[in-house]
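Please read this briefing alongside the sequence and the 3D structure.

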Amino acid sequence: MASLELVKAASAPSTPSIIAFDIAAQPLSSALDAFSAVTGLQLVYDGALAQGRRSNAVFGTMSPQEALRGLLAGSGLMPVRGSDAFTVIPSDAAGPPKQTLAGLMPYLGAMQASLASAFCRLPETRPGSYATTLEFWIGPSGQILKPHLFGSTDPARDQAIVRLLGDLSIQHPPPDLPQPIIIAIGSRPPAETGDCAPERGGAPAQARARHD
């Protein structure tokens, strides 16, 4: 089953151009999580592509793009840089067309902005003090279905997150959207990511949003 992986939503301006990496060789999905945690950059990819694949080790100081290329080298996948995110796609012509995931980016950005705005409204779900990975489906009318957390943050917060997602409706999804959606929330504070910044008038701003 295809799934859409969105790893971390972070503000591009806060991401240094050169970063020290120390990511061991490991299952690819874990390595991409580690990459996103180190860089704060958003990754978008079809979860099925990561299954059964391993990454290369990446050590040293380099740009995020160099590190991601090294991490993916020999895997049959390649990174494509967007304005504030990387999309990971098959590097051969037999894989899904590059446009397939790239064409979903406007919807994914709007979806993550809605999620970020909702998470920022509640003290118990406000990002910055915990990390977790969420899985959910988006119904035809935009309602969030079957929200699930991989691992517990704490019981009260877990319940608040599931309740928040269950009450949330977003834009109608495009028919070719891979599901379920899997999204990782990192523990970097809003001061570093730009999440939850106040808008004019004091309302929380929408954050920008990851599926490689």
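The notes below start with the basis of the values and then go through the structure by topic.

This is a predicted model, in which local features need pLDDT of at least 70, side-chain atom pairs count only at pLDDT 80 or more, and totals for chains, interfaces and linings use all residues. Residues are numbered from 1 along each chain as its sequence is written, and side-chain values use heavy atoms, with hydrogens and water left out. Helices (H or I, at least four residues) and strands (E, at least two) are DSSP runs, numbered from the N terminus.

**Helix packing**

- Two packed helices are described by the angle between their axes and the distance between the axes. The axes are lines fitted to C-alpha atoms, for helices over the stretch in contact, and angles run from 0 to 180 degrees between N-to-C directions.
- Angles under 35 degrees count as roughly parallel, over 145 as roughly antiparallel, 65 to 115 as roughly perpendicular, and the rest as oblique.
- Helix 1 (residues 28-39) packs with helix 3 (residues 64-72) at an angle of about 170 degrees, and their axes are 11 Å apart. Helix 1 and helix 3 are therefore roughly antiparallel to each other.
- On the helix 1 side, the contact (heavy atoms within 4.5 Å) is made by Leu28, Ala31, Leu32, Phe35 and Thr39, and on the helix 3 side by Pro64, Ala67, Leu68, Leu71 and Leu72.
- By class, the contact of helix 1 with helix 3 has 9 nonpolar residues, 1 polar residue and no charged residues. In this scheme Ala, Val, Leu, Ile, Met, Phe, Trp, Tyr, Cys and Pro count as nonpolar, Asp, Glu, Lys and Arg as charged, and the others, Gly among them, as polar.
- Helix 5 (residues 105-121) and helix 6 (residues 155-167) pack with axes 11 Å apart, at an angle of about 135 degrees. Helix 5 and helix 6 are therefore oblique to each other.
- The crossing of helix 5 and helix 6 is right-handed. A crossing is right-handed if the near helix is turned clockwise from the far one by less than a right angle, and left-handed if anticlockwise.
- Leu115, Ala118 and Phe119 of helix 5 make the contact with Ile161, Leu164 and Leu165 of helix 6. By class, this contact of helix 5 with helix 6 has 6 nonpolar, no polar and no charged residues.

- Thr125 is in the loop between helix 5 and strand 7 (132-138). Thr125 is buried, with a relative accessible area of 0%; buried means under 20% relative accessible area, exposed over 50%, and partly exposed in between (1.4 Å probe, protein chains only).
- Leaving out residues up to four places away in sequence, Thr125 touches Ala118, Phe119, Tyr130, Ala160, Ile161 and Leu164.
- Thr125 and Ala160 are 35 residues apart in sequence, and their C-alpha atoms are 6.9 Å apart.

**Salt bridge**

- The count comes to 1 salt bridge, defined as a side-chain nitrogen of Lys or Arg within 4 Å of a carboxyl oxygen of Asp or Glu.
- Arg157 forms a salt bridge with Asp154, and the closest N and O atoms are 3.3 Å apart.
- Arg157 is buried at 15% relative accessible area, whereas Asp154 is partly exposed at 28%.

**Strand 3**

- Tyr45 is found in strand 3 (residues 42-46) and is buried, at 3% relative accessibility. From Tyr45 to Ser29 the C-alpha to C-alpha distance is 9.9 Å, with a separation of 16 residues in sequence.
- Asp46 is also in strand 3 and is buried, with a relative accessible area of 16%. Asp46 and Pro178 are 132 residues apart in sequence and 7.2 Å apart in space, C-alpha to C-alpha.

**Backbone geometry**

- The peptide bond from Gln179 to Pro180 is cis, with omega near 5 degrees. Pro180 is in the loop between helix 6 and strand 9 (181-185).
- Lys146 is not a glycine, yet has a positive phi of about 50 degrees. Lys146 lies in strand 8 (residues 144-150) and is exposed, at 57% relative accessibility.

- Gly76 is in the loop between helix 3 and strand 5 (77-81) and is partly exposed, with a relative accessible area of 25%.
- Not counting residues up to four places away in sequence, Gly76 touches Ile89, Pro90 and Ser91. Gly76 and Ile89 are 13 residues apart in sequence, with a C-alpha to C-alpha distance of 8.6 Å.
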